[in-house]
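Reader: Can you walk me through this one? I'm new to reading structures.
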Amino acid sequence: MAENPPDTDLVAEPGAALVSDAVATAPDAAQPPPAQEPKPLLRNGDFQALWTSEAFAALAKETAEVAYPLLILATHGSAFYAGAVGSAQLVTASLMSIPGGTLADRVDRRLLLIVCNMVRVVLLGLFALLISTGHTDPAVIFTVAVGSAACLGISNPTGLAVIKQLVPPSQLTQATAQNQVRYFAATMGGPPAGGSLFAVARAFPFLSSAIAFLISTALLLFIRKPLKVENATPGEKRNAAEGFRFLARQPVLRLLIIWIMGSNMAFTHSGVFLALIATAESRGASPAFTGLLLSIAGVGGVVGSLLASPIIKRVKPPVLFLTAAWIGPVAAVLLANVSGLVPLGIIVACVFLRGPITSALFLAYLAAMAPDKVQGRVLGAVMFMSMIAAPIGVFGVGALFDLAGSTWVFTAMAIASGLAALPTLSPRIRKLAPPEEYAVTTADPSGDPTSKET
């Protein structure tokens, strides 16, 4: 936290570190008082204010995301341009996560989140006004979509970095698991809301998104704890490269991020949905049935987000990571060999189910191992590395489907995800300690409690 020394990851509850002079100087005061138990996460008003604020922001983002292609198709009829705008958003968010992480380690994080929200309020509010007056120039749509994506790239590492300032190390895993519920609930609720609002009036999805971002901003004001970052020491340079260097120095994080990149390339949501849509159409499915198929697949992420916290509490991290890693290639082999369409949706749902569980656990390790002063840059590096692989996967699915059909698409997914899963067989992953153990040993240069002699 900003107020703590660089090597300290402990967050004391108010009053927990206060000891009277009489006790401190008494002869029998050699033993410190028992540590105060942190209050339940649900009673942590600062974290819940952040979580609710980010939930409104996520819902706003998903609502607008589905409205961009609908607007382009309705006004210009170009599926190619709609795809180009979507790709530009993805690349922009990925690239902006790097400077976003650097800013998160340099300026007040609450202020940075507020600025990102308010920029989107202005962009989407003006855009709704332009749409209502009949001005839907393709350049305007591109500018608003990419501008919003840039704000997303900046705010994402900032919002995650704040978590470590608001919760104690023992609750980092629970907090990151709760974050997954927010993300997947927004993913499930935003698109139907955006489509329904667009059917009423084309400007409504963007106007409602602007209002939701405004509510998100107001909720940030309820966070009482200061979110300023620790001042840089004399001669210290806080550049973006430090986030990548930190990941390279941490064996556990390095192995896991390699798997995440490969898995995202093979099973990115957009790529998998494109493969399902193309496969369903090639087998004569109706648009309504294709939509049902995608809904079946998407349910997996929501279920996984709800189960993330209890599963992480009951299953050891090595078992979770190994199981999740090898579900990918097994599922891809099944996708390449099943003949029905509904089984495809069920298999993909199983793949998506693992996402929120492993994401929550990985982010808990990252929060525990990275000192607060470098949290933003490390998160920015992670987001860039995980997101930059996604466009490759989407392009590969489309190109390979046109050349060879669905069987080869799913076979390629199996090969890519299998190669990506190999790092999880490392002894460091198979002997992985809980995140909390890394939080209390961050002074170890290796960042690995198992590396110490006992």
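**Inside the fold**

Author: Start with a gap: the largest cavity holds about 60 Å³ of space. A cavity is a set of points on a 1 Å grid over the protein atoms alone, where a 1.4 Å probe fits but cannot get out. Its volume is the space filled by probe spheres set on the points, which are joined across faces, edges and corners.

Reader: Why roll a probe at all?

Author: Rolling a probe the size of a water molecule over the atoms shows where empty space is left.

Reader: How many cavities of 30 Å³ or more are there?

Author: Two. Keep in mind that this is a predicted model: local features need pLDDT of at least 70, side-chain atom pairs count only at pLDDT 80 or more, and totals for chains, interfaces and linings use all residues. Residues are numbered from 1 along each chain as its sequence is written, and side-chain values use heavy atoms, leaving out hydrogens and water.

Reader: Which helices each supply at least two residues of the largest cavity's lining?

Author: H5 (138–166), H6 (172–200), H13 (342–369) and H14 (372–388). Lining residues have an atom within 4 Å of a cavity point. They include Leu160, Lys164, Thr176 and Gln375.

Reader: How many helices and strands does the chain have?

Author: 18 helices and zero strands. Both are DSSP runs numbered from the N terminus: helices are H or I, at least four residues, and strands are E, at least two.

Reader: What does Thr158 touch?

Author: Beyond residues up to four places away in sequence, Thr158 touches Gly100, Ala104, Arg109, Leu112 and Leu113. Contact means heavy atoms within 4.5 Å.

Reader: New topic. What about Ser209?

Author: Ser209 sits in H7 (residues 204–220). At 1% relative accessibility, Ser209 counts as buried too. Ser209 and Ala64 are 145 residues apart in sequence, yet 6.3 Å apart in space, C-alpha to C-alpha. Ala60, Thr63 and Leu124 are among the other contacts of Ser209.

Reader: Last one: how far apart are the end C-alpha atoms of H4?

Author: They are 35 Å apart. The expected span is 1.5 Å times one less than the number of residues. After H4 comes Gly134, with a positive phi near 85°.

Methods
1 Å grid on protein atoms, 1.4 Å probe; cavity = no way out; pocket = protein on both sides within 12 Å on 5 of 7 lines; lining within 4 Å. Buried < 20%, exposed > 50% of the residue type's maximum accessible area, 1.4 Å probe, protein only.
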